[in-house]
Amino acid sequence: MDGYQKSGHAVYDIKYHVVWATKYRCQVLRGQVAIRLRELIRQGCEARDVTILQGSVGKEHIHLLIACPPSLAPSKILQYLKGRSSRLLQDEFPELKKRYWGQHLWSRGYFCATAGNVTEEIIRDYIANQSNKIRDDIFKIDD
C-alpha cells in the first residue's frame, strides 16, 4: 500500500488542488512578500499536518497540491491558511495594510478539486510549468 498515509484508525490518500487569489486580483505577491507568504503557508500546513506536494506563488494567486488527513475539511484548511497569512503579511508589510485597508488580502472564494478528477501528474505538471522565475524545489514564486 505505497503512497497511503496512516493514522490511528484510518488509511487514506486525500489530495486537493486548491487555488485562491488576492482581492481585486492585485499583483502584490512579489519579492519579499512572496517569499514570506511561501514561508507562512509552509508553517501553516506543517502545523495542521497538511503536506504540500506542489505549490506556486503567482503575482496575484496561489496554487497548491496538498495531501491532508480525513479529519480536515478543505474549507477549514483554506480558512486557516488565508486568515493567518493575511493577518501576518499585513502586519509585516505596511504597504499591504494601506492597500487593503479593510484587512482583507484574499478574495472570498477559492477553487478546490480532488486529485481524482485528473491525475496527480497532470496537476503537478500544470503547476510546475507556469512561468516561474524563482524556484525552490516544489514551491515556486512567479515574478
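Trainee: Is Q103 buried or exposed?
Mentor: Exposed. Q103 has a relative accessible area of 52%, and the cut-off for that label is over 50%. Keep in mind that this is a predicted model.

Trainee: Where is Q103 found?
Mentor: In the loop between α3 and β6.

Trainee: What about its backbone, what is the phi of Q103?
Mentor: Positive, about 65°, although Q103 is not a glycine. Most residues other than glycine have a negative phi.

Trainee: And what is phi for Y24?
Mentor: Near 60°, again a positive value in a residue other than glycine. Y24 is in the loop between β3 and α1 (31–47). Y24 counts as exposed, at 66% relative accessibility.

Trainee: Switching to rings. How many aromatic pairs does a search of the whole structure find?
Mentor: One. The rings belong to W20 and W106. Their centres are 5.8 Å apart and their planes are at 80°, so the pair is edge-to-face.

Trainee: Why edge-to-face?
Mentor: Because the planes are at 80°, and over 60 degrees counts as edge-to-face.

Trainee: Which parts of the chain does the pair link?
Mentor: Distant ones. W20 is in strand β3 (residues 15–21), while W106 is in the loop between α3 (94–99) and β6 (111–114). The two are 86 residues apart.

Trainee: Is W20 buried or exposed?
Mentor: Buried, at a relative accessible area of 1%. W106 is buried too, at 6%.

Trainee: Pockets next. How much space lies in the largest pocket?
Mentor: About 170 Å³.

Trainee: Which residues line the largest pocket?
Mentor: K23, K82, G83, S86, Q103, H104, L105, W106, S107 and R108. By type, the lining has two nonpolar, five polar and three charged residues.

Trainee: Let's take K82 from that list. Where is K82 found?
Mentor: In helix α2 (residues 74–92). K82 counts as buried, at 10% relative accessibility.

Trainee: What does K82 touch, leaving out residues up to four places away in sequence?
Mentor: W20, W106, S107, R108, G109 and Y110. So both rings of the edge-to-face pair belong to residues that K82 touches.

Trainee: How far apart are the C-alpha atoms of K82 and Y24?
Mentor: They are separated by 15 Å, and the residues are 58 apart along the chain.

Technical notes. Residues are numbered from 1 along each chain as its sequence is written. This is a predicted model: local features need pLDDT of at least 70, side-chain atom pairs count only at pLDDT 80 or more; totals for chains, interfaces and linings use all residues. Side-chain values use heavy atoms; hydrogens and water are left out. Rings of Phe, Tyr and Trp (its six-membered ring) pair if their centres lie within 6.5 Å; planes under 30 degrees apart count as stacked, over 60 as edge-to-face and the rest as tilted. Helices (H or I, at least four residues) and strands (E, at least two) are DSSP runs, numbered from the N terminus. Buried means under 20% relative accessible area, exposed over 50%, partly exposed in between (1.4 Å probe, protein chains only). On a 1 Å grid over the protein atoms alone, a cavity is a set of points where a 1.4 Å probe fits but cannot get out, and a pocket is an open set with protein on both sides within 12 Å along at least five of seven lines; lining residues have an atom within 4 Å of a point. Grid points are joined across faces, edges and corners, and a volume is the space filled by probe spheres set on the points. Ala, Val, Leu, Ile, Met, Phe, Trp, Tyr, Cys and Pro count as nonpolar, Asp, Glu, Lys and Arg as charged, and the others, Gly among them, as polar. Contact means heavy atoms within 4.5 Å.
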